[in-house]
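Please work through the following exercises with the sequence and the structure at hand.

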Amino acid sequence: MTQPGSSAAPPAGTQPEEADRLRDLLRTSAYRRTLALSAAVGVPVALAAFWFLAGLHELEHALWTALPDASGWNAPPWWWPLPLLAVAGVAVGLVVRRLPGTGGHVPAAGLHSSGTDPATLPGVVLAAAASLPFGAVLGPEAPLIALGGGLALLLRRLARAPVTPGSTALLGAAGAAAALSAIFGNALVGAVILVEVAGAGGTRLFAVMLPALLSSGIGSLVFTGFGRWTGLSTGSLSLKPGVPVPRLDAGDVLWGLPMAVGVAAVLHLLLWTGRRVAVFVSARRTVARTALCALAAGVCAAAYALGTGRSPVEVASSGQAVLARLAAEPHAWGAGALVAVLLCKAAAYALCLGSLRGGPVFPALFLGAAVGVLLAPLPGLGVVPGMAAGVAAAGAAALRLPVSSALLAALLFGSAEMIPLVILAAVAGFVTVESLPAGRTAPPAAEAG
């Protein structure tokens, strides 16, 4: 019989408690070395992410603002996206065929948190540089994840640190989180996205979260300070609604939830279409088919500009800057312009998802916000609640990451009042896409021929 106050050993075959596992993990010298390396990785990854984003931003400005101005136009003419996206298609097709790693993973396959082989980084950077500034309807988050993860593993190799499967996963996640914090403008969002992408839980949650959070925080600090010092813009995501944030009421929820379901269903269809486009592009004649799909996306932008008299940039872009303008001046968009931008940008988005290189997040967020503004006149639904619900649902549908999507939407709108709605919308969007048939299988990589 065990005496009072004595500790009996756990029965044979039982697993130690999660707290004991975590304590044992934190005490290991290998994990502590990984934490230290993760902290060190945050600085160079943040600097690389800064120059990468600044370079993309400057090239985009040159192509869409400076060059039209120098040619005598106050704004890009309606046909401007056609040659730019045709060039993008040819360039990306050549990168896919000639360089290791096929320019990174296909955006329609979603985000991946695994460490990127440093040998594939030149192809990832070149494909992103050929896509994003030239008008691809994609965001920079996927190339940033690859850049951060690949640089982290390269730095480990240069430091001659021990290589284990565990350290590879942790350092890859830490480097990716440090890079992601740059574009989302928040260190916490980058870390949460990477943890949710990794599907971590229990002890594994803490094991992945600590290096990612540490590297993300340091990277965000370096990134912010370096940006202020140089004065260069990188276009981090931020919204300042131009209308007052109302108190949440029953009408916002009653309209917001079915809207979230509809937005998620449409995004699911667009991603499915993107995967079909990827299959078409990878089957044969990769360069020609990539150029054809990119040119078709340019046609969508040109048709929008020709039909509405507005700038083709509103379609041929990631949607990041346009989303900020939409939030600041939602009433400057008529119903016809909103319907047109939704139809044209959705079509261009599906084409770019399967052919060019970038991330799926920013165009999806814009589409969700535009739906919210379009439906805002419904009785009981406000502009800000409509946008918040649309952004949360679109993020959850595009990424299948409900926690990250709710957190991102809540931080973007900067109002605790919207938190219950964005959580409900993110859950509704996630449940919708998970309930629909079809396919989370990544499309095949492009063939070399």
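The exercises below concern a predicted model, and each is followed by a worked solution.

**Exercise 1. Salt bridges**

Task: State how many salt bridges the structure holds, and describe the residues that form them.

Solution. 

Step 1. Side chains of opposite charge can pair when their charged atoms come close. The cut-off needed here is 4 Å between a side-chain nitrogen of Lys or Arg and a carboxyl oxygen of Asp or Glu. By this criterion the structure holds two salt bridges.

Step 2. One of them joins Arg-310 to Glu-314, with 2.9 Å between the closest N and O atoms. Arg-310 is partly exposed, at a relative accessible area of 25%, whereas Glu-314 is buried at 8%.

Step 3. Arg-400 and Glu-434 also meet in a salt bridge, at 3.1 Å from N to O. Arg-400 belongs to the loop between α14 and α15 (402–413), and Glu-434 to helix α16 (residues 419–435), so this pair ties together parts that are 34 residues apart in sequence.

Step 4. Arg-400 counts as buried at 12% relative accessibility, while Glu-434 counts as partly exposed at 37%.

**Exercise 2. The surroundings of Glu-314**

Task: Determine where Glu-314 is found and with which residues it is in contact, leaving aside its neighbours within four places in sequence.

Solution. 

Step 1. Glu-314 is located in the loop between α10 (286–308) and α11 (320–328).

Step 2. Is this residue buried or exposed? The relative accessible area of Glu-314 is 8%, and buried means under 20%; Glu-314 is therefore buried.

Step 3. A polar contact of 2.4 Å links the side chain of Glu-314 with the side chain of Tyr-304.

Step 4. With neighbours within four places in sequence set aside, the contacts of Glu-314 are Tyr-304, Val-322, Arg-325, Trp-333, Val-341 and Lys-345.

Step 5. Arg-310 lies over the face of Trp-333, 4.1 Å from the ring centre. Lys-345 lies over the face of Phe-366, 5.4 Å from the ring centre.

**Exercise 3. Aromatic rings**

Task: Give the number of aromatic pairs, and classify the pair formed by Phe-50 and Trp-51.

Solution. 

Step 1. A pair of aromatic rings is described by the distance of the centres and the angle of the planes. Rings pair if their centres lie within 6.5 Å, and the count comes to five aromatic pairs.

Step 2. For Phe-50 and Trp-51, the centres are 5.3 Å apart and the angle between the planes is 85°. Planes over 60 degrees apart count as edge-to-face, and the pair of Phe-50 and Trp-51 is accordingly edge-to-face.

Step 3. Phe-50 is buried, with 1% relative accessibility, but Trp-51 is partly exposed, with 46%.

Step 4. One aromatic cluster is made up of Trp-73, Trp-79 and Trp-80.

**Exercise 4. Positive phi angles**

Task: Compare the positions and accessibility of Thr-102 and Arg-285.

Solution. 

Step 1. Thr-102 is not a glycine, yet it has a positive phi of about 50°. Arg-285, likewise not a glycine, has a positive phi of about 50°.

Step 2. Thr-102 is placed in the loop between α3 (81–98) and α4 (121–131), and Arg-285 in the loop between α9 (250–283) and α10.

Step 3. Thr-102 counts as buried at 19% relative accessibility, whereas Arg-285 counts as exposed at 54%.

**Exercise 5. Two helices**

Task: Describe helix α14 and the position of Ala-350 in helix α12.

Solution. 

Step 1. Helix α14 (residues 383–399) has 17 residues and reaches 24 Å from its first C-alpha to its last, close to the expected 24 Å.

Step 2. Because 17 of the 17 residues of α14 are buried, this helix is largely enclosed by the rest of the structure. Just after α14, Arg-400 takes a positive phi of about 55°.

Step 3. Ala-350 is part of helix α12 (residues 335–355) and is buried, with a relative accessible area of 5%.

Step 4. Ala-350 and Ala-297 are 53 residues apart along the chain, and 8.6 Å separates their C-alpha atoms. Leaving aside neighbours within four places in sequence, Ala-350 is in contact with Leu-270, Thr-273, Gly-274 and Val-277.

Methods. Residues numbered from 1 in each chain as written. Predicted model: local features only at pLDDT ≥ 70, side-chain atom pairs only at ≥ 80, totals over all residues. Heavy atoms only, no water. Phe/Tyr/Trp six-rings, centres within 6.5 Å; stacked < 30°, edge-to-face > 60°. Buried < 20%, exposed > 50% of the residue type's maximum accessible area, 1.4 Å probe, protein only. Lys NZ or Arg CZ within 6 Å of the ring centre and 35° of its normal. Helix = DSSP H or I, 4+ residues; strand = E, 2+ residues; numbered from the N terminus. Polar contact = N/O pair within 3.5 Å; in protein donor to acceptor, adjacent residues only side chain to side chain. Contact = heavy atoms within 4.5 Å. Expected span 1.5 Å × (residues − 1).
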